[in-house]
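This report looks at how side chains pair within one protein chain. Please keep the sequence and the model in view while reading.

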Amino acid sequence: QVQLVESGGGLVQAGGSLRLSCVVSGRVASINAINWYRQTPGKQRELVAGITSGGSTNYADSVKGRFTISRDNAENTGYLQMNNLKPEDTGVYYCNANVRVLLRSSHYWGQGTQVTVSS
């Protein structure tokens, strides 16, 4: 009923930038929080950034000052602008959204998009 599709990943040199997008589609009544996670081999999936429906944001310490999360409520889309990328930012980035369908809210995940930062 609800699909999340990420895009914007790729290969970039250290110091470069990428912008990830997460489009939420389906029987969406409203979207509460949108979060971006990343996963690297051998590590647990970690929260990178989150944004509430009201626009409040939070970031992992490792990305503060470099990443910016935003959303376009009219387009049901979330974004993650990543600047000054570092090799340690390499990983698969996943979008997670808390979506209300009719009267029920649930968390949904996208398929992930690979980000690779070369040194």
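## Salt bridges

A salt bridge, as the word is used here, is a side-chain nitrogen of Lys or Arg within 4 Å of a carboxyl oxygen of Asp or Glu. In general, side chains of opposite charge can pair when their charged atoms come close. The model under discussion is a predicted one, and the structure holds four salt bridges. Arg38, Glu46, Arg66 and Asp89 are linked by such bridges in a network.

Are the partners in the salt bridge of lysine 64 and aspartate 61 buried or exposed? These two side chains meet at 3.1 Å from N to O; lysine 64 counts as exposed at 51% relative accessibility, and aspartate 61 counts as exposed at 65%.

## Aromatic pairs

A pair of aromatic rings is described by the distance of the centres and the angle of the planes. A search of the whole structure finds two aromatic pairs. In one of them, the rings of tyrosine 37 and tryptophan 109 have centres 5.0 Å apart and planes at 55°, so the pair is tilted. Tyrosine 37 belongs to strand β4 (residues 30-39) and tryptophan 109 to strand β10 (residues 104-109), so the pair ties together parts that are 72 residues apart in sequence.

Tryptophan 109 forms an edge-to-face pair with tyrosine 94, with 6.4 Å from centre to centre and 80° between the planes. Because tyrosine 94 lies in strand β9 (residues 91-101) and tryptophan 109 in strand β10, this pair ties together parts that are 15 residues apart in sequence. Tyrosine 94 is buried, at a relative accessible area of 15%, whereas tryptophan 109 is partly exposed, at 39%.

## Charges over rings

Tyrosine 94 also has a charged neighbour, as arginine 45 lies over the face of its ring, at 3.8 Å from the ring centre. In another place, the charged end of arginine 19 sits over the ring of tyrosine 79, 3.9 Å from the centre of that ring.

## The chain as a whole

The protein has zero helices and eleven strands. Its radius of gyration is 14 Å, which agrees with the value near 14 Å that a compact globule of 119 residues would have. Along the principal axes, the C-alpha trace spans about 45 × 25 × 25 Å.

Buried residues make up 40% of the 119 residues. Among the contacts with a separation of 6 or more, 54% are between residues 24 or more positions apart. The accessible surface comes to about 6200 Å², and 47% of this belongs to carbon and sulfur atoms.

How values were computed: Residues are numbered from 1 along each chain as its sequence is written. This is a predicted model: local features need pLDDT of at least 70, side-chain atom pairs count only at pLDDT 80 or more; totals for chains, interfaces and linings use all residues. Side-chain values use heavy atoms; hydrogens and water are left out. Rings of Phe, Tyr and Trp (its six-membered ring) pair if their centres lie within 6.5 Å; planes under 30 degrees apart count as stacked, over 60 as edge-to-face and the rest as tilted. Helices (H or I, at least four residues) and strands (E, at least two) are DSSP runs, numbered from the N terminus. Buried means under 20% relative accessible area, exposed over 50%, partly exposed in between (1.4 Å probe, protein chains only). A charge sits over a ring if NZ of Lys or CZ of Arg is within 6 Å of the ring centre and within 35 degrees of the ring normal. The radius of gyration is taken over C-alpha atoms; the globule rule is 2.2 Å times the number of residues to the power 0.38. Contact means heavy atoms within 4.5 Å. Accessible areas come from the Shrake-Rupley method with a 1.4 Å probe; for residues, only the protein chains shown count as cover.
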